[in-house]
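Welcome, and please get your viewer ready for a short walk. We will go from one selection to the next and look at what is there.

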Amino acid sequence: MRDGRAGSNTVFEEADSLRRSQYGDMKYPDPSMPVNAPMTAADDLCLVYSNTAANCPAFCEGNRLSCEVSPLTMSPWNQTNTMEKSSWVPFDDDNTVPVNSLIGSLTREEGHIYSLAATKDLLYTGSDSKNIRVWKNLKEFTGFKSNSGLVKAIVISGEKIFTGHQDGKIRVWKSSLKNPTLHKRAGTLPTLKDILKSSIKPSNYVEVRRKRALWIKHSDAVSCLSMNEEQGLLYSASWDRSFKVWRISDSKCLESVQAHDDAVNSVVSSFGELIFTGSADGTVKVWKRELLRKGTKHTLDQTLIKQECAVTALAIITSSGPALYCGSSDGLITYRELAKDFSQGGALKGHKMAVLCLEAAGNFLFSGSADKTICIWRRDGSVHTNISVLTGHTGPVKCLAVEKDLESKKEQRWIVYSGSLDKSVKVWSVSEFPQVGAMQSKHQHRVSYDTESFPCDGSSTSITSPHGTY
């Protein structure tokens, strides 16, 4: 990390994550420079992207985060747990949580939040401190630490927790049945046995950036994970431009696919036999999975999107007609209708800077951005409405997780967790159908302008706002 104090902008860098794109040095613009000015290398604040996105707007601000904390709070031995409270009363007169409101914040001064996963009443958070924290009822429940590697992705399947790391490894954890606060590492993908077995045969080596490496191992950071529960498969994507397929039952790597010309930033495997990957090379590709007797075979079905800006996030809404949503480094979210042969649906404009994460739940799409905000989009048929913008983070929103609010009886509500590079996780309550004129806090507001949904053909028939369709 490079910390420029004494009045200069602060730039954060992961010492082991600086990488090169095939298109040259990956660089970010200083806020004071023109969009097309030369850029300097920095960490993956907005996910890896190449200079194919040179024509996209600047989306990283050098003075966005501050490192001005005491040596005590920066110490890895510091056990201070600070619970940041909401600055407003979180209940209406009838003792219910207001519409689209902040419930609370979870803060521990030990690292920027890079990954989230929620299951039942537990929330798992991963950061660049190498720690995985577990929270319950807005309080820290327990935690466990990895030997190495920033925690970039977390997925949960049954009793197993899978974490993807900066060092290219996937670690598997299990909680104790007798004592749920205890988590032990159950293995690493690939397993040491498979590495030793594969290393004997020369045919198991592939060339990655002019170096020979085993095909079952990622040679760069694991950027994302996706679980296909139906087939018992785990998909991992990496900055090494590939995605790999793992069988959960025996921890075997079944296949490795060299998918893109630059870092793979997102993979989605929950839509039947189709797999979607999004990359810093500006493309979204569709892969078709074939189950074989001893493994899997993925073949390229089509390149769905090809654009100048990096693809930073993907998500699928499966209700009311499935659609694939693609977040980009220019702040736009485009979508394709999956039930209509991937026809172009349109674009959602709500962010001023890069979209860093997407999460779908019911008819909702949640988008987190480098502009520090979270947009809530509701899909009604072919119409998308930005019903609210949640604000309150002081750093880019890096990850999201959504769970149904099982305690809500009057209406359907969602609990939304947002992780940020401001080192906090904020917890929000979002209503399925918020009332117009409901109480607003300083942490969120309705968007009535400069936020719209429009079709790619340039027509204006589906432009929407929170007040209706025009």
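**A tour of rings and repeats**

Start by selecting Lys136 and Phe141: Lys136 lies over the face of Phe141, at 5.3 Å from the ring centre. Keep in mind along the way that this is a predicted model.

Next come the aromatic pairs, of which a search of the whole structure finds 7. Select Phe243 and Trp287, whose ring centres are 5.5 Å apart. Their planes meet at 70°, and planes over 60 degrees apart count as edge-to-face, so this pair is edge-to-face. Now colour by strand: Phe243 sits in strand 16 (residues 242-247) and Trp287 in strand 20 (residues 283-291), so the pair links distant parts of the chain, 44 residues apart. Both Phe243 and Trp287 are buried.

Move on to Phe271 and Phe276, an aromatic pair with 6.4 Å from centre to centre and 50° between the planes, which is tilted.

Zoom in on residues 257-288, where the chain is 69% strand and 0% helix, with the end C-alpha atoms 12 Å apart. Then try residues 348-377: here the chain is 63% strand and 0% helix, and the end C-alpha atoms are 9 Å apart.

Note on methods
Residues are numbered from 1 along each chain as its sequence is written. This is a predicted model: local features need pLDDT of at least 70, side-chain atom pairs count only at pLDDT 80 or more; totals for chains, interfaces and linings use all residues. Side-chain values use heavy atoms; hydrogens and water are left out. Rings of Phe, Tyr and Trp (its six-membered ring) pair if their centres lie within 6.5 Å; planes under 30 degrees apart count as stacked, over 60 as edge-to-face and the rest as tilted. Helices (H or I, at least four residues) and strands (E, at least two) are DSSP runs, numbered from the N terminus. Buried means under 20% relative accessible area, exposed over 50%, partly exposed in between (1.4 Å probe, protein chains only). A charge sits over a ring if NZ of Lys or CZ of Arg is within 6 Å of the ring centre and within 35 degrees of the ring normal.
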